[in-house]
Each structure stands twice: as structure tokens, then as C-alpha cells.
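Here is a short note for a colleague opening this entry. Please keep the sequence and the 3D view at hand while reading.

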Amino acid sequence: MSIIVKNVSKVYGKQYALDDVSFEIKKGEVVGFLGPNGAGKSTMMKIITCFLPPTKGDVTVCGYDIWNNSLELREKVGYLSEANPLYYDMYVEEFLEFIAGIHHIKNKKARIDEMIESTGLTPERNKKIGALSRGYKQRVGLAQAMIHNPEVLILDEPTTGLDPNQLVEIRSLIKSCGKTKTVLLSTHIMQEVEAVCDRAIIIKKGKLVADASLPELKKMAESMGVREQIRQSDVFDMEALFQHLTK
Ligand code: ADP
Ligand code: MG
């Protein structure tokens, strides 16, 4: 197993942002993590990446647990956080060099070239990050998340705010990363899961409401009687199932 989340709860003050959530993700799986705003997706991702401790529960990533092996765990994980924090005054190459230094990457120059190439940053490589479009900023975010060649990628709403062209490009980039890595990707767009993922984990108000492969979700929609209501000239609209599960 790449990721094991066991009975995780997170309480902010009196509010349960996560309430006894458990799931497992196998090596190489690309899993969509769905839920409306405020469901607890970012909180769970911060816990998996050791940015935040849970109030209760355990998480292991590639066999390392958040309580005892957090440094080793972080080496295995690449994280693109929701806000994609970048230094706008740094040049693309300069920023990646800085991140490569943090990870003690040997042969930095070659690795940076490789990342710039694979994330499609070549035309913008000599610009300041602040001058890039949102789509290219996301590419820089993905490049920093992958520069140390992690086994697991945690991507928090990587396509939010992108225009339709950028969206397609970033999705296909994520899909190609998913060929060699375990990916957990949060979104509130069901179509994104259909486009990129093998499986979906759906949470609502901090509780798990579904954990199923795409064919299983389709069956679930049928048994819940939402299939007829959402059939559109035989195209199955997963969005309606999602709304039904999270309403
Ligand atoms: P999502 O990413 O699914 O939109 P979040 O994990 O960001 O959800 O938030 C889950 C809930 O926890 C929300 O109600 C949010 O307001 C609350 N929350 C998140 N971070 C904090 C915090 N640092 N302090 C207090 N409440 C928080
Ligand atoms: Mg969030």
C-alpha cells in the first residue's frame, strides 16, 4: 500500500473537519478525492503530507508513519498545496534550483532541465514566476512537487482557476505522472475524476461517503435511482451522483 489512512479525525476548536476517515491507496493508483468546499479535503492532504497532525488516527505513506518517520515520509511525497505558494520574484529556473537544493538533489542542473521539459515549461523557463499565467504557475508547482522524484503525489485542486485549454493540458500532465506514481488528487469536479482517475473517494462534512472505482460508482448511481434522472443521451453524468451523495 502506498497510502494508509486509519480512523483519522481532525478537530478545529469544536468543529470536526475530519471525522473518523479511513482509506487505502495502492501503489500506482490515481485516486480522485472529491467533496464540496469545506468537506475536509485540504485538511486530509495536509495530514498525509505531515503539514498538520491529526487529532486522532494514523497515516502511513510507503510504509513510513506520520508520527515516527515524518522525514522519510516527506522524501516519498510530492505536494502541490491548494494555494500553490511560489516566490513570484524568483525566476523559474532559480526557484527550481532552490527547491532542488532543499532536497539535496545531486546533479541539479540536469534534473531541473528534465523537469522543465516534462512539465512543458521550456518557453517560459527564463521568466519570473510572477509574470507567468496561472496555467504555467501550476506547471511550476507540479515541477517543484516532482523534482525529487517522489513515489506519491498529493495534488490539492491542481486545476482550479485554469481556463479550458490550460485545464486540458494540466490534466494530461497529471495523467502522464500517474503512469509512474501514486496520485491523490482533490477536486470538486466529478468530470475531472472521470478524465484522470481510476477511483474516487468522496467526503462530505468530514465523513467518508463513498470509496469506489468508476464502474462501481456508476452502479451505485443506478441502485440509488439517480441514473434515469441524470441520463443524457446515454452519456453518464457522474456529477449528479456526486451531488446526490454530498447533498
Ligand atoms: P476543503 O479543502 O474540502 O474545502 P478544508 O479541509 O479546507 O476543506 O476545510 C474543512 C473545514 O475545516 C472547513 O469548515 C474549514 O473552514 C475548517 N478549517 C480548515 N482549516 C482550518 C483552521 N486552520 N482553523 C479552523 N478551521 C479550519
Ligand atoms: Mg481545499
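1. Start with the classes in the shell around ligand 1: four nonpolar, six polar and one charged residues. Here Ala, Val, Leu, Ile, Met, Phe, Trp, Tyr, Cys and Pro count as nonpolar, Asp, Glu, Lys and Arg as charged, and the others, Gly among them, as polar.

2. The model is predicted: local features need pLDDT of at least 70, side-chain atom pairs count only at pLDDT 80 or more, and totals for chains, interfaces and linings use all residues. Residues are numbered from 1 along each chain as written, chains are lettered from A and ligands numbered from 1 in the order written, and side-chain values use heavy atoms, without hydrogens and water.

3. Which residues surround ligand 1? Among them are Tyr-12, Gln-15, Pro-36, Lys-41 and Thr-43 (a heavy atom within 4 Å).

4. Polar contacts are pairs of N or O atoms within 3.5 Å. A backbone N or O atom of Gly-38 is 2.7 Å from an oxygen atom of ligand 1. A side-chain N or O atom of Ser-42 lies 2.8 Å from an oxygen atom of ligand 1. The protein covers 63% of the 560 Å² of accessible area that ligand 1 has on its own (Shrake-Rupley method, 1.4 Å probe).

5. Strand S2 (15-25) and helix H1 (41-48) each give two or more residues to this shell. H1 gives the largest share, three residues. Helices (H or I, at least four residues) and strands (E, at least two) are DSSP runs, numbered from the N terminus.

6. Ile-102 belongs to helix H3 (residues 92-102). Ile-102 is partly exposed, at 49% relative accessible area (between 20%, under which is buried, and 50%, over which is exposed).

Key:
Buried < 20%, exposed > 50% of the residue type's maximum accessible area, 1.4 Å probe, protein only. Polar contact = N/O pair within 3.5 Å; in protein donor to acceptor, adjacent residues only side chain to side chain.
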